[in-house]
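Keep the structure open as you read.

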Amino acid sequence: MPIVAHNDLPTFERLHGEGQNILPSDRAIAQDIRELHIGLLNMMPDAALAATERQFFRLVGQSNQIAQFYVHPFTLDELPRSAQAQAHIERWYEPFGQVREQGLDALIITGANVAGSDIAQEPFWRPLMEVVDWACESVTSTLCSCLATHAVMQFRYGQPRGPLGFKRWGVYAHRVVDRTHPLVTSVNTLFDVPHSRFNEVSREQFDAAGARVLAESETAGVHLAVSGDGLRLVMFQGHPEYDTVSLLKEYKREVKRFAAGARPDYPPFPENIFSRKSAAVLAEYRHMLEHELDRGRPPPELPEDRIAASLDNTWRDTAEGVIGNWMGLIYRVTNNDRRIPFMPGVDPDDPLGLRR
């Protein structure tokens, strides 16, 4: 079922133009279908703010459950913003106080870019933990992405992430290791997920926290886990929401940083995304760029469109399946009053009845 365009946020029009199922609010009111209200705490930096909106809106809207989805984006004031991004937030995002007062059926917390490995030292740490504390009490289920998973594992379970010593960057094969959980019912048992991170929470740490690991990779580690109750916290370490070109755009930004002198080394390729032909084109581009820089001339444009045309998306169907299952489970147990997490008779410590 569709996402409801309940305001004029540009993301709705962009997704409609892509062919996504976006329902005008006047038509939504006329339908006798249950609403689900999903919060999106968007902590991504300015360059990825709108793209992250579209990625998660798209996954929610394609989850194909019998509901109308109202998505409520908000952010944290402690995250630095440009004037343009701040204007976007003030125009389209809701204050957390309003979100908390009105309630949510589910919450998605995105990742964020930080400089150090100790996220407890970041200025947004306390307000983020305020959101997490509220959600764990008042929201049926919270889905955490990448850094948000690391923050929750440290704050709720005392399991701080550790530095990898390198950037885990690329697309990696994962296997479902617990096929009995309804979150992974009917999804591919072997699937790809993009990753982009310098730090990691290990399988041993998830086990120590009493979490239930559902999917992991021999190379990239745990991707998908849930809290011990089975639903209240859903944790991603990867980025299944990424677009086909997301890692290419990250690579392009790193190349630009090298050209500007902001990083000393030329960035390596993200793993498992470029064909041999694309790798050869990019190697030739590097030679041209370094040649121009040596002569004090502006760098040439990276042939982004040419490379993008050869990229494959090997994760979207499974991502949609997992998010669809998540929406279905929430629909099954959430209260009609979105300020209350569960229907009467649902055990908050075992909302899906998995322990019975």
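**A walk through the model**

This is a predicted model, in which local features need pLDDT of at least 70, side-chain atom pairs count only at pLDDT 80 or more, and totals for chains, interfaces and linings use all residues. Residues are numbered from 1 along each chain as its sequence is written, and side-chain values use heavy atoms, with hydrogens and water left out.

Start with the nonpolar cores. A nonpolar core is a set of buried Ala, Val, Leu, Ile, Met, Phe, Trp, Tyr and Cys residues joined through side-chain atoms within 4.5 Å. Buried means under 20% relative accessible area, exposed means over 50%, and partly exposed is in between, with a 1.4 Å probe and protein chains only. The largest core has 46 residues. Those with the most contacts inside it are Ile 38, Ile 108, Leu 183, Leu 224, Val 234, Trp 326 and Met 327. Helix 12 (residues 316–333) gives this core its largest share, eight residues. Helices (H or I, at least four residues) and strands (E, at least two) are DSSP runs, numbered from the N terminus. As a general point, nonpolar side chains tend to be buried together in soluble globular proteins.

Contact means heavy atoms within 4.5 Å. Leaving aside neighbours within four places in sequence, Leu 183 is in contact with residues including Leu 214, Leu 224, Val 226 and Val 234. Val 322, Asn 325, Trp 326 and Leu 329 are also in contact with Leu 183.

The side chain of His 181 reaches the backbone nitrogen of Leu 183 at 2.9 Å. That is a polar contact: a pair of N or O atoms within 3.5 Å, where within protein one must be able to donate a hydrogen and the other to accept it, and residues adjacent in sequence count only if both atoms are side-chain atoms. His 181 lies in the loop between strand 7 (162–176) and strand 8 (190–200). Is His 181 buried or exposed? Its relative accessible area is 1%, so His 181 is buried. Beyond its neighbours within four places in sequence, His 181 is in contact with Arg 212, Leu 214, Val 226, Gly 230, Leu 352 and Leu 354. His 181 and Val 226 are 45 residues apart along the chain, and their C-alpha atoms are separated by 9.6 Å.

Ser 186 is also found in the loop between strand 7 and strand 8. Ser 186 counts as exposed because its relative accessibility is 75%. Its phi is near 65 degrees, a positive value in a residue other than glycine.

Asn 272 has a positive phi too, of about 65 degrees, although it is not a glycine. Asn 272 is found in the loop between helix 9 (246–259) and helix 10 (276–294). With a relative accessible area of 60%, Asn 272 is exposed. What does Asn 272 touch, not counting residues up to four places away in sequence? Asn 272 touches Val 171 and Tyr 172. A polar atom of the Asn 272 side chain lies 2.8 Å from the backbone oxygen of Val 171.

Thr 110 sits in the loop between strand 5 (106–109) and helix 6 (125–138). Thr 110 is buried, at 1% relative accessibility. A polar atom of its side chain lies 2.8 Å from the backbone nitrogen of Met 43. Not counting residues up to four places away in sequence, Thr 110 touches Met 43, Thr 52, Phe 56 and Ser 145, among others.

Next, the aromatic rings. Rings of Phe, Tyr and Trp (its six-membered ring) pair if their centres lie within 6.5 Å; planes under 30 degrees apart count as stacked, over 60 as edge-to-face and the rest as tilted. The count comes to eight aromatic pairs. Phe 258 and Tyr 266 have ring centres 5.0 Å apart and planes at 70 degrees, so this pair is edge-to-face. Trp 169, Tyr 251, Phe 269 and Phe 274 form one aromatic cluster.

Last, the cysteines. A disulfide is a pair of cysteine sulfur atoms within 2.5 Å. The structure holds zero disulfides. Cys 144 is in none, and the nearest cysteine sulfur, that of Cys 136, is 7.7 Å away. Cys 144 is buried, at 0% relative accessibility.
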